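My notes follow the order in which I checked things.

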Amino acid sequence: MGRKDANQRTDHVLAAIRDAIIARRLRPGQRLRELELAELFGVSRTIIRAVLQQLATAGLVRIEANKGASVDLPSHDEIAGLFQARAIIEMGIVARLCSTTHPDLIQRLRAHIELEQSAIDASDYRQAIALLGEFHILLAQAAENESVNAFYRSLVLRTSLIVSAIEAPADSTCRTEEHSELLDLIEKGNVQAASMCVWNHLQEIQTSLRVAAEKGEQDYHPLQHLFLRESLAK
Ligand SMILES: [Zn+2]
(Lines give C-alpha, C1' and ligand atoms only; values in the text may rest on other atoms or scores of the structure.)
Protein backbone atom coordinates (compact mmCIF):
# COMPACT_ATOMS: atom_id res chain seq x y z
CA MET A 1 0.00 0.00 0.00
CA GLY A 2 1.48 3.35 -1.08
CA ARG A 3 1.69 6.40 1.12
CA LYS A 4 -1.07 8.15 -0.84
CA ASP A 5 -3.34 5.14 -0.46
CA ALA A 6 -2.62 4.97 3.29
CA ASN A 7 -3.40 8.68 3.64
CA GLN A 8 -6.69 8.25 1.81
CA ARG A 9 -7.69 5.34 4.03
CA THR A 10 -6.72 7.31 7.14
CA ASP A 11 -8.83 10.28 5.96
CA HIS A 12 -11.78 8.03 5.21
CA VAL A 13 -11.71 6.27 8.60
CA LEU A 14 -11.16 9.61 10.37
CA ALA A 15 -14.19 11.15 8.64
CA ALA A 16 -16.38 8.10 9.36
CA ILE A 17 -15.60 7.99 13.09
CA ARG A 18 -15.73 11.78 13.49
CA ASP A 19 -19.13 11.91 11.74
CA ALA A 20 -20.40 9.05 13.90
CA ILE A 21 -19.44 11.01 17.04
CA ILE A 22 -20.88 14.31 15.82
CA ALA A 23 -24.08 12.64 14.59
CA ARG A 24 -24.31 10.86 17.97
CA ARG A 25 -24.22 7.36 16.51
CA LEU A 26 -21.28 6.87 18.86
CA ARG A 27 -22.03 7.88 22.42
CA PRO A 28 -19.73 9.59 24.87
CA GLY A 29 -17.96 6.93 26.93
CA GLN A 30 -18.18 4.36 24.11
CA ARG A 31 -14.97 2.29 23.93
CA LEU A 32 -13.08 2.46 20.61
CA ARG A 33 -11.00 -0.73 20.35
CA GLU A 34 -8.18 -0.68 17.81
CA LEU A 35 -8.58 -4.29 16.73
CA GLU A 36 -12.37 -4.07 16.28
CA LEU A 37 -12.11 -0.85 14.30
CA ALA A 38 -9.28 -2.22 12.13
CA GLU A 39 -11.43 -5.25 11.24
CA LEU A 40 -14.54 -3.14 10.75
CA PHE A 41 -12.84 -0.78 8.30
CA GLY A 42 -10.45 -3.35 6.80
CA VAL A 43 -7.37 -1.26 7.60
CA SER A 44 -4.26 -1.75 9.74
CA ARG A 45 -4.12 -0.99 13.45
CA THR A 46 -1.47 1.62 12.65
CA ILE A 47 -4.06 3.57 10.65
CA ILE A 48 -6.62 3.24 13.45
CA ARG A 49 -4.03 4.41 16.02
CA ALA A 50 -3.24 7.48 13.90
CA VAL A 51 -6.94 8.27 13.52
CA LEU A 52 -7.60 7.95 17.26
CA GLN A 53 -4.66 10.26 17.97
CA GLN A 54 -6.08 12.89 15.62
CA LEU A 55 -9.52 12.59 17.22
CA ALA A 56 -7.93 12.95 20.66
CA THR A 57 -6.21 16.15 19.52
CA ALA A 58 -9.61 17.43 18.33
CA GLY A 59 -11.03 16.71 21.80
CA LEU A 60 -13.48 14.06 20.56
CA VAL A 61 -11.65 11.01 21.90
CA ARG A 62 -9.94 10.31 25.20
CA ILE A 63 -6.93 7.98 25.26
CA GLU A 64 -6.03 6.47 28.64
CA ALA A 65 -2.92 4.42 29.35
CA ASN A 66 -4.57 1.21 30.56
CA LYS A 67 -8.07 1.55 29.14
CA GLY A 68 -7.39 2.58 25.54
CA ALA A 69 -9.56 5.00 23.56
CA SER A 70 -13.16 6.04 24.14
CA VAL A 71 -15.48 8.75 22.85
CA ASP A 72 -14.71 11.72 25.04
CA LEU A 73 -17.19 12.53 27.72
CA PRO A 74 -16.43 15.80 29.41
CA SER A 75 -16.79 15.61 33.19
CA HIS A 76 -19.56 17.57 34.89
CA ASP A 77 -16.88 19.86 36.34
CA GLU A 78 -15.46 20.55 32.88
CA ILE A 79 -18.91 21.41 31.52
CA ALA A 80 -19.65 23.64 34.52
CA GLY A 81 -16.29 25.42 34.21
CA LEU A 82 -16.77 26.00 30.51
CA PHE A 83 -20.18 27.58 31.02
CA GLN A 84 -19.01 29.70 33.92
CA ALA A 85 -16.23 31.10 31.73
CA ARG A 86 -18.72 31.78 28.94
CA ALA A 87 -21.15 33.51 31.32
CA ILE A 88 -18.48 35.78 32.79
CA ILE A 89 -17.29 36.91 29.35
CA GLU A 90 -20.70 37.15 27.76
CA MET A 91 -22.20 39.22 30.59
CA GLY A 92 -19.36 41.70 30.09
CA ILE A 93 -19.94 41.78 26.34
CA VAL A 94 -23.68 42.29 26.74
CA ALA A 95 -23.19 45.08 29.31
CA ARG A 96 -20.95 46.85 26.81
CA LEU A 97 -23.45 46.43 23.98
CA CYS A 98 -26.22 47.87 26.17
CA SER A 99 -24.35 51.14 26.60
CA THR A 100 -24.45 52.12 22.91
CA THR A 101 -26.94 51.59 20.08
CA HIS A 102 -26.20 49.00 17.41
CA PRO A 103 -29.11 48.99 14.94
CA ASP A 104 -27.09 47.12 12.28
CA LEU A 105 -25.99 44.44 14.73
CA ILE A 106 -29.51 43.92 16.09
CA GLN A 107 -30.84 43.59 12.54
CA ARG A 108 -28.10 41.10 11.60
CA LEU A 109 -28.71 39.02 14.72
CA ARG A 110 -32.47 39.01 14.16
CA ALA A 111 -31.88 37.65 10.64
CA HIS A 112 -29.58 35.04 12.19
CA ILE A 113 -32.34 33.96 14.61
CA GLU A 114 -34.60 33.28 11.60
CA LEU A 115 -31.93 30.94 10.20
CA GLU A 116 -31.74 29.15 13.57
CA GLN A 117 -35.49 28.63 13.57
CA SER A 118 -35.50 27.32 9.97
CA ALA A 119 -32.78 24.77 10.79
CA ILE A 120 -34.72 23.61 13.89
CA ASP A 121 -38.00 23.41 11.90
CA ALA A 122 -36.20 21.34 9.23
CA SER A 123 -34.73 19.06 11.95
CA ASP A 124 -31.27 19.87 10.58
CA TYR A 125 -29.49 19.03 13.82
CA ARG A 126 -25.92 19.85 12.80
CA GLN A 127 -26.88 23.11 11.13
CA ALA A 128 -29.02 24.13 14.13
CA ILE A 129 -26.20 23.52 16.62
CA ALA A 130 -23.74 25.44 14.45
CA LEU A 131 -26.12 28.41 14.05
CA LEU A 132 -27.10 28.51 17.73
CA GLY A 133 -23.43 28.64 18.70
CA GLU A 134 -22.67 31.20 16.01
CA PHE A 135 -25.26 33.59 17.49
CA HIS A 136 -23.04 33.96 20.56
CA ILE A 137 -19.91 34.34 18.44
CA LEU A 138 -21.58 37.15 16.44
CA LEU A 139 -22.58 38.81 19.68
CA ALA A 140 -18.99 38.66 20.93
CA GLN A 141 -17.66 40.07 17.65
CA ALA A 142 -19.79 43.17 18.19
CA ALA A 143 -17.73 44.02 21.25
CA GLU A 144 -14.84 44.63 18.80
CA ASN A 145 -12.07 43.25 20.95
CA GLU A 146 -9.89 40.73 19.13
CA SER A 147 -8.53 39.02 22.26
CA VAL A 148 -12.02 38.54 23.67
CA ASN A 149 -13.29 37.30 20.28
CA ALA A 150 -10.63 34.65 19.84
CA PHE A 151 -10.94 33.32 23.38
CA TYR A 152 -14.73 33.41 23.38
CA ARG A 153 -14.89 31.68 20.00
CA SER A 154 -12.81 28.76 21.29
CA LEU A 155 -15.12 28.40 24.31
CA VAL A 156 -18.24 28.37 22.11
CA LEU A 157 -16.75 25.85 19.67
CA ARG A 158 -15.87 23.54 22.55
CA THR A 159 -19.44 23.84 23.84
CA SER A 160 -20.88 23.05 20.37
CA LEU A 161 -18.64 20.02 20.18
CA ILE A 162 -19.95 18.79 23.54
CA VAL A 163 -23.56 19.43 22.47
CA SER A 164 -22.92 17.42 19.29
CA ALA A 165 -21.18 14.60 21.09
CA ILE A 166 -23.78 14.26 23.84
CA GLU A 167 -27.36 13.14 23.25
CA ALA A 168 -28.78 16.66 23.57
CA PRO A 169 -31.57 17.91 21.30
CA ALA A 170 -30.55 21.21 19.65
CA ASP A 171 -33.70 23.14 20.62
CA SER A 172 -33.43 22.19 24.30
CA THR A 173 -29.89 23.57 24.59
CA CYS A 174 -29.93 27.07 23.07
CA ARG A 175 -33.45 28.43 22.63
CA THR A 176 -34.02 30.87 19.78
CA GLU A 177 -36.76 32.68 21.75
CA GLU A 178 -34.19 33.43 24.47
CA HIS A 179 -31.82 34.84 21.84
CA SER A 180 -34.68 37.06 20.72
CA GLU A 181 -35.43 38.18 24.28
CA LEU A 182 -31.75 39.02 24.81
CA LEU A 183 -31.72 41.24 21.70
CA ASP A 184 -34.82 43.09 22.95
CA LEU A 185 -33.07 43.81 26.26
CA ILE A 186 -29.86 44.98 24.54
CA GLU A 187 -31.95 47.25 22.32
CA LYS A 188 -33.60 48.77 25.42
CA GLY A 189 -30.16 49.17 27.03
CA ASN A 190 -31.30 47.27 30.13
CA VAL A 191 -27.89 46.07 31.42
CA GLN A 192 -29.18 44.26 34.48
CA ALA A 193 -31.94 42.32 32.74
CA ALA A 194 -29.71 41.51 29.73
CA SER A 195 -26.95 40.17 32.03
CA MET A 196 -29.47 38.06 33.94
CA CYS A 197 -30.86 36.78 30.62
CA VAL A 198 -27.35 35.66 29.54
CA TRP A 199 -26.70 34.02 32.90
CA ASN A 200 -30.01 32.13 32.90
CA HIS A 201 -29.65 31.13 29.25
CA LEU A 202 -26.20 29.60 29.79
CA GLN A 203 -27.27 27.97 33.09
CA GLU A 204 -30.18 26.28 31.34
CA ILE A 205 -27.94 24.95 28.56
CA GLN A 206 -25.52 23.62 31.16
CA THR A 207 -28.34 21.85 33.01
CA SER A 208 -29.74 20.18 29.88
CA LEU A 209 -26.23 19.07 28.86
CA ARG A 210 -25.67 17.59 32.28
CA VAL A 211 -28.95 15.68 32.13
CA ALA A 212 -28.12 14.47 28.60
CA ALA A 213 -24.59 13.46 29.61
CA GLU A 214 -25.92 11.41 32.55
CA LYS A 215 -28.37 9.67 30.22
CA GLY A 216 -25.56 8.99 27.71
CA GLU A 217 -23.45 7.33 30.41
CA GLN A 218 -26.19 4.77 31.06
CA ASP A 219 -26.70 3.72 27.45
CA TYR A 220 -24.69 1.20 25.51
CA HIS A 221 -24.75 0.45 21.80
CA PRO A 222 -22.72 -2.33 20.20
CA LEU A 223 -20.06 -0.88 17.92
CA GLN A 224 -21.05 -2.62 14.71
CA HIS A 225 -24.50 -1.03 14.62
CA LEU A 226 -23.23 2.49 15.00
CA PHE A 227 -21.59 3.14 11.65
CA LEU A 228 -23.68 3.74 8.56
CA ARG A 229 -23.33 1.05 5.93
CA GLU A 230 -22.52 3.51 3.13
CA SER A 231 -19.60 5.02 5.04
CA LEU A 232 -18.08 1.55 5.37
CA ALA A 233 -18.57 0.70 1.69
CA LYS A 234 -16.52 3.66 0.41
ZN1 LIG B 1 -27.73 30.66 22.95
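**Entry 1: the H5 pairs**

The model is predicted: local features need pLDDT of at least 70, side-chain atom pairs count only at pLDDT 80 or more, and totals for chains, interfaces and linings use all residues. Residues are numbered from 1 along each chain as its sequence is written.

I noted the spans: H5 covers residues 103-121 and H6 covers residues 125-141. Helices here are DSSP runs of H or I with at least four residues, strands are runs of E with at least two, and numbering starts from the N terminus. The two axes come within 8 Å and cross at roughly 165°. Axes are lines fitted to C-alpha atoms, for helices over the stretch in contact, and angles run from 0 to 180 degrees between N-to-C directions. The crossing of H5 and H6 is left-handed, meaning that the near helix is turned anticlockwise from the far one by less than a right angle; clockwise would be right-handed.

Next I listed who touches whom. H5 brings Arg108, Leu109, His112, Leu115, Glu116, Ala119 and Ile120 to the contact. H6 answers with Gln127, Ala128, Leu131, Leu132, Phe135, Leu138 and Leu139. Contact means C-beta atoms, placed from the backbone, within 7 Å. I sorted the residues of this contact by class: ten nonpolar, two polar and two charged. For the classes, Ala, Val, Leu, Ile, Met, Phe, Trp, Tyr, Cys and Pro count as nonpolar, Asp, Glu, Lys and Arg as charged, and the others, Gly among them, as polar.

I then turned to H8, residues 176-188. Its axis and that of H5 come within 10 Å and cross at roughly 170°. H5 and H8 are therefore roughly antiparallel to each other. On H5 I found Ile106, Leu109, Arg110, Ile113, Glu116, Gln117 and Ile120. They meet Thr176, His179, Ser180, Leu183, Ile186 and Glu187 of H8. The classes here are six nonpolar, four polar and three charged.

I checked Ser123, found in the loop between H5 and H6. Its phi is near 55°, a positive value in a residue other than glycine. Most residues other than glycine have a negative phi. Is Ser123 buried or exposed? I counted 11 other C-beta atoms within 10 Å, so Ser123 is exposed. The cut-offs, with C-beta atoms placed from the backbone, are 20 or more within 10 Å for buried, 12 or fewer for exposed, and partly exposed in between.

**Entry 2: Thr159**

Thr159 sits in helix H7, residues 146-165. It has 26 other C-beta atoms within 10 Å and is therefore buried. Leaving aside neighbours within four places in sequence, I found Thr159 in contact with Leu82, Arg86 and Gly133. I also looked at Ile205, 46 residues from Thr159 along the chain: their C-alpha atoms are separated by 9.8 Å.

**Entry 3: the sheet**

In what order do the three strands lie? I read E1-E3-E2, an open sheet with antiparallel pairing. Strand E1 (31-32) and strand E2 (61-64) are the edges, each pairing on one side only. Pairing requires at least two bridges found by DSSP between two strands.

E1 and E3 are joined by two bridges. Leu32 has Ala69 as its bridge partner in E3. Four bridges join E2 to E3, residues 68-71. Val61 is partnered by Val71, and Glu64 stands opposite Gly68. E2 and E3 form a hairpin, with three residues between them. Helix H3 (residues 45-57) lies across E1, E2 and E3, and runs at about 115° to E2.

**Entry 4: the whole chain**

The protein chain has ten helices and three strands. Buried residues make up 31% of its 234 residues. Of the contacts with a separation of 6 or more, 74% come from residues 24 or more positions apart.

Terms used. Contact = placed C-beta atoms within 7 Å. Parallel < 35°, antiparallel > 145°, perpendicular 65-115°, else oblique.
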